[in-house]
Amino acid sequence: MPNMNMLQAINNALDIAMAEDERVLCFGEDVGSFGGVFRATSHLQEKYGHARCFNTPIVEQGIVGFANGLASQGSVPVAEIQFADYIFPAFDQIVNETAKFRYRSGDLFNVGGLTLRAPYGGGISGGHYHSQSPEAYFAHTPGLKIVIPRNPYEAKGLLLASIRDPDPVLFFEPKRLYRASTGEVPEEDYQLPLGEAEVTKEGSDVTLVGWGAQMEVIERAVELAEKDGISCEVIDLRTILPWDEDTVADSVLKTGRLVVTHEAPRTGGFAGEIAAAIQERCFLYLESPVMRVTGLDTPFPLTLEKEYLPDHLKIHEAIRASVNY
């Protein structure tokens, strides 16, 4: 298998999807001959023409509204929001149109063919308009699926599954891993299941849950914890909506402890939903309170980015606190 970084894996998935199905269209700001601001759509316009890979005006609400219209008429649009921070002008289109189209029409019409790609998260010194993690805003919206990969292999398989899924999908890509994360990726077509978490490491003392770029941070924290003699079980949620409650609960029933981490601010973050669900299901088995290691309840800072982000040292501290409670 060839080695790819995450950008190459995403580009490869788009190429496969467009080659297989002429209904698949890619569009967004600068995605045409320029290949997107991160070059995720490089050479797609050259290969498939201006009618299937093209630039849009700088108007996110229009991008998603246009995508809704295309999907409702049978196309398979893969629209790019240049940065996840810019998705908010399209919030009404996503939560009131995309998510409710099938329900509102009594299943006469749907926009299930729609996939929205957006790079999210910090780690690139992007400041507050290029570093946010907005997944929790959309996790409150029935009718959507939210998918976040952790590495190139996952990115390709999950993106192909998202494009072919019968429901609209928000596909958030951890941009600090675009070129930093590399690994073996099959050249052929494959899909990974949506809605299923993956236990990436088995352990017995504490369960750690994360997604996207935080998975690499968790790995470094686990290395420190194991030097302390703590056995960690690690779960990549992969899909935020619907999230795999059973896999997390089964793990916590075994370990009795849970630490959840994400880059988004603590208050209203998706870790709170996980903590609430797990204490409902596993209360009598918990050896300590569910711990959250998250971003701070502030706008994303530029000069204090390292202090803001939930790094491996903060996660290691939470692991020790949980085990020693």
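1. Start with the second largest pocket. It is lined by 17 residues. Nearest its centre lie Arg 23, Ser 75, Val 76, Gly 112 and Gly 113. The space inside is about 200 Å³. By class, the lining has six nonpolar, six polar and five charged residues. (Ala, Val, Leu, Ile, Met, Phe, Trp, Tyr, Cys and Pro count as nonpolar; Asp, Glu, Lys and Arg as charged; the others, Gly among them, as polar.)

2. Keep the source in mind. This is a predicted model, where local features need pLDDT of at least 70, side-chain atom pairs count only at pLDDT 80 or more, and totals for chains, interfaces and linings use all residues. Residues are numbered from 1 along each chain as its sequence is written, and side-chain values use heavy atoms, with hydrogens and water left out.

3. Now the terms. On a 1 Å grid over the protein atoms alone, a cavity is a set of points where a 1.4 Å probe fits but cannot get out. A pocket is an open set with protein on both sides within 12 Å along at least five of seven lines. Lining residues have an atom within 4 Å of a point. Points are joined across faces, edges and corners, and a volume is the space filled by probe spheres set on them. Helices (H or I, at least four residues) and strands (E, at least two) are DSSP runs, numbered from the N terminus.

4. Turn to the largest pocket. It holds about 280 Å³ of space. Its lining has 17 residues, and the closest to the centre are Gln 132, Ser 133, Tyr 137, Ala 264 and Pro 265. Helix 6 (135–139) and strand 13 (258–265) are the elements that give two or more residues. Strand 13 gives the most, with three. The lining divides into nine nonpolar, seven polar and one charged residue. Which domains does it draw on? At least three residues come from each of domain 1 (3–184) and domain 2 (198–324). Those bounds come from an automatic or database domain assignment.

5. How many cavities of 30 Å³ or more are there? The count is one. The largest cavity has a volume of about 40 Å³. Among the residues that line it are Gly 35, Gly 36, Val 37, Phe 38, Arg 39 and Ala 40. Glu 80, Gln 82, Arg 117, Pro 119 and Tyr 178 also line it. By class, this lining has five nonpolar, three polar and three charged residues.

6. Next, helix packing. Helix 1 and helix 7 pack at about 30 degrees, with their axes 8 Å apart. (Axes are lines fitted to C-alpha atoms, for helices over the stretch in contact; angles run from 0 to 180 degrees between N-to-C directions.) The two helices are therefore roughly parallel. (Under 35 degrees counts as roughly parallel, over 145 as roughly antiparallel, 65 to 115 as roughly perpendicular and the rest as oblique.) Their crossing is right-handed. (It is right-handed if the near helix is turned clockwise from the far one by less than a right angle, left-handed if anticlockwise.)

7. Two further pairs. Helix 8 (residues 214–227) and helix 12 (residues 312–323) pack at about 55 degrees, with axes 8 Å apart. They are therefore oblique to each other. Helix 9 (residues 245–255) and helix 10 (residues 270–282) also pack at about 55 degrees, with axes 10 Å apart. That makes helix 9 oblique to helix 10.

8. Finally, the backbone. Most residues other than glycine have a negative phi, and most peptide bonds are trans. Leu 241 and Pro 242 are joined by a cis peptide bond, with omega about -5 degrees. Pro 242 sits in the loop between strand 12 (239–241) and helix 9. Ser 125 is not a glycine, yet has a positive phi of about 55 degrees. Ser 125 is in the loop between strand 5 (115–120) and helix 6.
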